[in-house]
Each structure stands twice: as structure tokens, then as C-alpha cells.
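Please look over the sequence and the model, then read the points below.

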Amino acid sequence: MSLDDLYRQVLMDHYQHPRNRGALESASVSVGLHNPSCGDVLQLYLKIEGDRVQQASFTGQGCSISMSGASIMTETIRGQTLEQVHDLAEDFKRMVRGEADVPDLGELEALRGVRQFPMRIKCATLAFNALEKALQEHSKQGGDPQDG
Ligand code: ZN
């Protein structure tokens, strides 16, 4: 099996059996974003306690790239510190832009192939854009008084 086939299987598995799908009642922050170029709609929910993401979930609909991306992302960030999550978002964006020296991002590597398809990069980064917006909202709500 080639690496591309493996990645495709990971994406299809997350698309058909999304993890963390559904509104999170106890969310401390929730943001919505959409990707007009493809029609993807995403609402992201985070429960942040202290400096850690305790829970993450999403609702929405869209193409397989955007939905599997949200599923993998919410799995990945659960339990991470805000700093780790911020770094992950940066690394992920660098990966899909095809930059070198990006660390191994686990299951998110399955989205590496989108860099060959500029239209799909927005689908892949939708969840991470929502994540960064949610972190900004969180700090505005009095988390950390840093600028965003
Ligand atoms: Zn899409």
C-alpha cells in the first residue's frame, strides 16, 4: 500500500466516522467559520481550563477534506496546552503550504497531499483557522491579556 493510499484511508475513516462531532454543552468558547470557495461550514467548540484544551468538538458540513480535517484536529488538540495548540496550527499551515522542516504531525499528515491542490488548502485549514479564532476569543474573554 502506498503512503497516499494510507492517507486516503485515514481521511475516509474520519469522514465516515467523525470523532468529536456534536455541540459541546460545556464549551467555554465556540466559533463558526465557513469556506465560501467550497461551501464548507464549521462550528468549533472548545472547553478550555487553565492553559489546557480539555475538550474539543465540531459541527458542520462540507467536503471530506474539511470534515475529516476537523475530526483529526479535535482528536489531536484534546489535552494539549494552548501553547502546543498554537504551535500545531502554525506547523499545520506550514505543512500544507509545502514548507520544509515541519515536524511529524501524526494523523494530520494525512492532509499533506492537499498542497498539490491549492483550492483544497482552504478546506484543510478551515478547522485550524477556526481554532486560532477560538483561541483569540478565549484570550479576549480574559484568559490571557496578551494581544492575539
Ligand atoms: Zn471543502
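Helices (H or I, at least four residues) and strands (E, at least two) are DSSP runs, and they are numbered from the N terminus. The model is a predicted one, in which local features need pLDDT of at least 70 and side-chain atom pairs count only at pLDDT 80 or more, while totals for chains, interfaces and linings use all residues. Residues are numbered from 1 along each chain as its sequence is written, and side-chain values use heavy atoms, with hydrogens and water left out. Burial is described by relative accessible area: buried means under 20%, exposed means over 50%, and partly exposed lies in between (1.4 Å probe, protein chains only).

**Helix 4 and His138**

- His138 is found in helix 4, where it counts as buried at 13% relative accessibility.
- From C-alpha to C-alpha, His138 and Gln80 are 15 Å apart in space, and they are 58 residues apart in sequence.

**The zinc site**

- A zinc ion is coordinated by Cys38 (SG), Asp40 (OD), Asp40 (OD), Cys63 (SG) and Cys123 (SG), at 2.2 to 2.7 Å.
- Donors are N, O and S atoms within 2.8 Å of the metal (3.2 Å for Na, K and Ca); water is not among the atoms, so sites may look incomplete.
- Along the chain, the donors of the zinc ion follow the spacing C-x1-D-x22-C-x59-C.
- Cys38 lies in the loop between strand 1 (29-35) and strand 2 (40-49), whereas Cys123 lies in helix 4 (residues 118-140), so the pair ties together parts that are 85 residues apart in sequence.
- Cys38 is partly exposed, with a relative accessible area of 36%, while Cys123 is buried, at 1%.

**Salt bridges**

- The structure holds 10 salt bridges, a salt bridge being a side-chain nitrogen of Lys or Arg within 4 Å of a carboxyl oxygen of Asp or Glu.
- Arg94 and Asp91 form one of them, at 3.1 Å from N to O.
- Both Arg94 and Asp91 lie in helix 3 (residues 82-96), 3 residues apart, about one turn of the helix.
- Arg94 is partly exposed, with a relative accessible area of 22%, and Asp91 counts as buried at 16%.
- A network of salt bridges links Asp91, Arg94, Arg97 and Glu99.
- Arg112 is joined to Glu109 by a salt bridge whose closest N and O atoms are 2.7 Å apart; Glu109 is buried, with a relative accessible area of 8%.
- Between Glu49 and Lys47, the closest N and O atoms of the salt bridge are 3.5 Å apart.
- Glu49 is partly exposed at 41% relative accessible area, and Lys47 is partly exposed at 23%.

**A nonpolar surface patch**

- Met1, Leu3 and Leu6 form a nonpolar patch on the surface, with about 350 Å² of accessible area together.
- Accessible areas come from the Shrake-Rupley method with a 1.4 Å probe; for residues, only the protein chains shown count as cover.
- Patches are made of residues with over 30% relative accessible area and no salt bridge, with like charges joined within 9 Å and nonpolar side chains (Val, Leu, Ile, Met, Phe, Trp, Tyr) within 5 Å.
- Leu6 lies in helix 1 (residues 3-16) and is partly exposed, at 39% relative accessibility.

**The second largest pocket**

- The second largest pocket has a volume of about 320 Å³.
- Of the 13 residues that line the second largest pocket, the closest to its centre are Arg8, Leu11, Ile65, Gly113 and Phe117.
- On a 1 Å grid over the protein atoms alone, a cavity is a set of points where a 1.4 Å probe fits but cannot get out; a pocket is an open set with protein on both sides within 12 Å along at least five of seven lines, and lining residues have an atom within 4 Å of a point.
- Grid points are joined across faces, edges and corners, and a volume is the space filled by probe spheres set on the points.
- Helix 1 and helix 2 (64-77) each supply at least two residues of this lining, and the largest share, 5 residues, comes from helix 1.

**Positive phi angles**

- Asn20 has a positive phi of about 60° although it is not a glycine.
- Asn20 lies in the loop between helix 1 and strand 1 and is buried, at 19% relative accessibility.
- Asp101, also not a glycine, has a positive phi of about 60°.
- Asp101 is found in the loop between helix 3 and helix 4 and is exposed, with a relative accessible area of 72%.
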